[in-house]
Amino acid sequence: MRLSPAARRWGRKLFRYSLVSLISIAVSQSVLVVAFGLLHWTAGLANVVACAVATVPSYSLNRSWAWGRRGRSHLWREVVPFWAIAFLGLVLSTWAADLGSTLARQAGASHAATTAIVMTA
């Protein structure tokens, strides 16, 4: 079966969007392991910083590489929706990281195990 040019373009965008997501995960997890695991910041603060750092390349790479946009960003059609979704993800992931840290500490887990739990959350 041969895909139409439109389907191929959409597939290419989806593939690039997925790669950007993997890059964003790698960036946020790297910051999280340093901030929480090595520097012993709280899970909430470490997650906020990790999300903030990862969101910048996520927006830039998605906009330019995945979606092929050039020039100035449109505030209401691009920037606001992206940051609203990013903020929602930040709230949920910070809650999950803090919960994971709390439960791990209550269970008497080591800091290494707690770090793994926070990163998974």
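Visitor: Let us begin with a single residue. Where is the place of L38?

Guide: Please keep in mind that the model is predicted. L38 has its place in helix 1.

Visitor: Is L38 buried or exposed?

Guide: The relative accessible area is the value to consult, and a residue counts as exposed when that value is over 50%. For L38 the value is 63%, so L38 is exposed.

Visitor: Which residues make the nonpolar surface patch?

Guide: The patch is made by V33, V34, L38, L39, W41 and L45, and its area is about 530 Å². Helix 1 gives the most to this patch, with three residues.

Visitor: Let us turn to the interior. What is the general idea about nonpolar side chains?

Guide: In soluble globular proteins, nonpolar side chains tend to be buried together. In the present model, the largest nonpolar core has nine residues: V31, L32, A35, F36, A43, A46, A50, A97 and V118.

Visitor: Which helices each supply at least two residues of this core?

Guide: They are helix 1, which spans 5-38, and helix 2, which spans 43-66. The largest share comes from helix 1, with four residues.

Visitor: Which residues does A50 touch, leaving aside those up to four places away in sequence?

Guide: A50 touches S28, V31 and L32.

Visitor: Let us consider the aromatic rings. How many aromatic pairs are found in the whole structure?

Guide: A search of the whole structure finds four. One of them joins W10 and W67, with 5.9 Å from centre to centre and 45° between the planes, and this pair is tilted.

Visitor: Why does the pair of W10 and W67 tie together parts that are apart in sequence?

Guide: W10 lies in helix 1, whereas W67 lies in the loop between helix 2 and helix 3 (75-106), so the pair ties together parts that are 57 residues apart in sequence. W10 is exposed, at a relative accessible area of 53%, while W67 is partly exposed, at 34%.

Visitor: Which residue of helix 1 forms a pair with W67 across 50 residues in sequence?

Guide: That residue is Y17. The pair of Y17 and W67 is tilted, with 6.0 Å from centre to centre and 50° between the planes. Y17 is partly exposed, with a relative accessible area of 37%. Through ring pairs, W10, Y17 and W67 are linked into a cluster.

Technical notes:
Residues are numbered from 1 along each chain as its sequence is written. This is a predicted model: local features need pLDDT of at least 70, side-chain atom pairs count only at pLDDT 80 or more; totals for chains, interfaces and linings use all residues. Side-chain values use heavy atoms; hydrogens and water are left out. A nonpolar core is a set of buried Ala, Val, Leu, Ile, Met, Phe, Trp, Tyr and Cys residues joined through side-chain atoms within 4.5 Å. Buried means under 20% relative accessible area, exposed over 50%, partly exposed in between (1.4 Å probe, protein chains only). Contact means heavy atoms within 4.5 Å. Rings of Phe, Tyr and Trp (its six-membered ring) pair if their centres lie within 6.5 Å; planes under 30 degrees apart count as stacked, over 60 as edge-to-face and the rest as tilted. Patches are made of residues with over 30% relative accessible area and no salt bridge: like charges are joined within 9 Å, nonpolar side chains (Val, Leu, Ile, Met, Phe, Trp, Tyr) within 5 Å. Accessible areas come from the Shrake-Rupley method with a 1.4 Å probe; for residues, only the protein chains shown count as cover. A salt bridge is a side-chain nitrogen of Lys or Arg within 4 Å of a carboxyl oxygen of Asp or Glu.
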